[in-house]
Structures are given as structure tokens and as C-alpha cells.
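User: I am new to this structure and would like to learn how its features are read. Please take me through them one at a time.

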Amino acid sequence: LPHTGRLALYLLGLRATCPPPSPHRSLVTWLKYYLEEDWTGSRRHGRPLTSYYQYGLGVLALCVHHKRVREEVIRRLLTAQHHGRLGHGGNTVDTEAVVALAFTCLERRRLVGTELAAELRAAAHGASKSMAEAQGPDGIIGNIYSTPWALQVFLATGACQTEPAFGQAVAALLENLEAFGTAATMAQVLPVLHGRSYLDIASMHCQEEPDTLTALDMEPLAEVPGNKTVQLVVECPLPWCYELRLYDRPVPAPAAASFLDVLQAAAALEPHDFKFHTQDTPQGPFLTQVLGLEARQEKRNYWQLLTAPNTPLQMGIADYRPQDGETLILRLSEW
């Protein structure tokens, strides 16, 4: 698969550090190549090989580096948004937000013609409105990790000044800052807390930026003594399985164990009965297979993480730490 998303995030971070121009020129060229490969390799599927999220990130990164993007590349994203195809891992908010930021950047940097710029402006404002409508009563938009993306769109489009959802979402972020424990998730939330979006990287005056980067000594998390027992449930509804509940057993684990630690404890306890696989992503490990059942993008399904009776988790498997006696549910779900 093309490395569209990973390279795009790297180039966004690189631009923010004000590097000398020569080392990353070839990387920008590679990103242009990946965007083309991402699409041409999947013409029969009608979508990118990776995802619209990664594809949108690629367009955003090129724009932030002041590089023009072919109109056909932009039209692919416009068409996908217009037809509601921007699905991503059970949640469309982060994908819609990345695409809206890319549209706003292209229009703001005047990298497209007048007619297309008007279409991009309308599409970005439409995305901003739909995100406000998707806000839950707790202030979260999509999930806790999608919320910073939505806030970046409000900031980039100027909706932050008039949209009540903005203040409510910021309040929700401040109440859930412990969820942002990885470098990738911190990179999403920090600009928002400073009233900025990734679009501001494009207009940085690097000559004025002081070199303030210093190494940070991270203290290890204090160990919590004792043990806990977590009830682990695996559910697979129709049409994928005839039997809904495939696994339902108590799993003993250390008191500080994360969801991922509980899965590893279950696998060590019953190596023949319980198996799972994860895939590394910038946001941390992503669950791809449980009990031999694989969640795949082309099947439009994913492993949803819940705590009983039916509450979706706002953190990933490496970040969420269940309580003693809690029931964790892995449910194969459609997006």
C-alpha cells in the first residue's frame, strides 16, 4: 500500500519545525507519487487504496508546502464528499475534517482557479455545519480523537466565532486531556488548545521562529499494586456470524493493565482459544483480528470497543484502563 498518510503527517510536522528547503523536496515529490498510486491502484474499487482520510492528509500536506495539486485529484475528494463516501473506521468526522482542511488550504493559498475555489469554500463550510450537527450532548464530535479535527475546521473556516459547538467541544477536550497520550494524538490537540489549525503551518515565518525545542524527560507511570479481573466478551452479529457471543470469560490482569494488556493476558491464559492481531498506526495499535475474524476496510467493518452494557470507548486499546469487575466488549461492527 502507498504510505500516503504517514508521509503526509511527517511532512506536516517537518514544515512546522522550519527546516531548510533542500532535504524534504524529494519527500514532497514522493507524496505526489503516492497520491497517484493510491488512486490508480484502486480504480475498480472507486476509492483510494489506503483511505479517504490518508488521501485527504496527502492533499493537505502538499498544500501546506505550497505545492499545486492537479484538479482531478481535488475533484476525487469533492465527488466523494458530495456522495457521502468519506467513511473511516466507523467514524466519518475525522475524514471529513481532514478533507475540509485540505479544501480550505487550497482555496486560501490560491492554488486553484476561481470557480473551483468557490466549490471548495462551500464544501468546507458544509462540512463544518455537519460536524456541529453531529455534536453529542457531552460536547464530543464523533469521538474524543475526532473532536480536535472538527475544532481545526471551525478555526480554519472562521466558524469558531459564531458556532456554539466550538466552545462546547473545547470544554469536552479539556475534560478528556488524559486520552491524548501519544505523540500523534498530542499533535492533533495542541494546535487547537492554542487557537490554531494545521493551516497556520503554511503561513509561518520561519525566520522569526526561535529554536525552543528541548528534550523532555518523561517519568515512567507509577505502578499500581495488586490485580483485577475483567470480563472479556467478543460479539459477532449477523451477517458475519450465526452465534452472537463467541467469547465470554473472566480475565485476571495486573491492576494497572490497559485493554491491550487484558487481551494479551487472555491470549496467554488460553493460547489456543483466544487469539488476536493488531496493526500499528500513528494513533497507537489498532485491532484488526479477533478469534480469526478479520476487520477489513473493503468489508466496511471494524472491531468496536465497548464497556458494558453498551457504551463505546473514546480511547484506543493501549490507552483505556478498565476497572476491576468491568466488562469489556469487542464487537464486529459495520461503518
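User: Where does His66 lie?

Analyst: Helices (H or I, at least four residues) and strands (E, at least two) are DSSP runs, numbered from the N terminus. His66 lies in the loop between helix 3 (52-64) and helix 4. Although His66 is not a glycine, its phi is positive, about 65 degrees. This is a predicted model, in which local features need pLDDT of at least 70, side-chain atom pairs count only at pLDDT 80 or more, and totals for chains, interfaces and linings use all residues. Residues are numbered from 1 along each chain as its sequence is written, and side-chain values use heavy atoms, with hydrogens and water left out.

User: Is Arg110 buried or exposed?

Analyst: Buried means under 20% relative accessible area, exposed over 50%, and partly exposed in between (1.4 Å probe, protein chains only). Arg110 has a relative accessible area of 70%, so it is exposed. His66, at 36%, counts as partly exposed. Arg110 is found in the loop between helix 5 and helix 6, and it too is a non-glycine residue with a positive phi, about 55 degrees.

User: Which residues of helix 6 are buried, and what covers them?

Analyst: The buried residues of helix 6 include Leu116, Leu120 and Met131. Among the elements that cover the buried residues are helix 4 (71-82), helix 5 (93-108), helix 7 (147-157) and helix 8 (164-175). Contact means heavy atoms within 4.5 Å. Leaving aside residues up to four places away in sequence, Met131 touches Val93, Glu96, Ala97, Ile141, Ala150, Val153 and Phe154.

User: Which residues touch the most other members of the largest nonpolar core?

Analyst: In soluble globular proteins, nonpolar side chains tend to be buried together. A nonpolar core is a set of buried Ala, Val, Leu, Ile, Met, Phe, Trp, Tyr and Cys residues joined through side-chain atoms within 4.5 Å. The largest one has 72 residues, of which Leu60, Phe103, Leu106, Met131 and Phe154 touch the most other members. A second, separate core of 28 residues includes Phe259, Leu260, Phe274 and Ala295.

User: How many aromatic pairs are there?

Analyst: Rings of Phe, Tyr and Trp (its six-membered ring) pair if their centres lie within 6.5 Å; planes under 30 degrees apart count as stacked, over 60 as edge-to-face and the rest as tilted. By this rule there are eight aromatic pairs. One of them, Tyr33 with Tyr34, is tilted, at 6.0 Å centre to centre and 50 degrees between the planes. Tyr34 is buried at 16% relative accessibility, whereas Tyr33, at 42%, is partly exposed.
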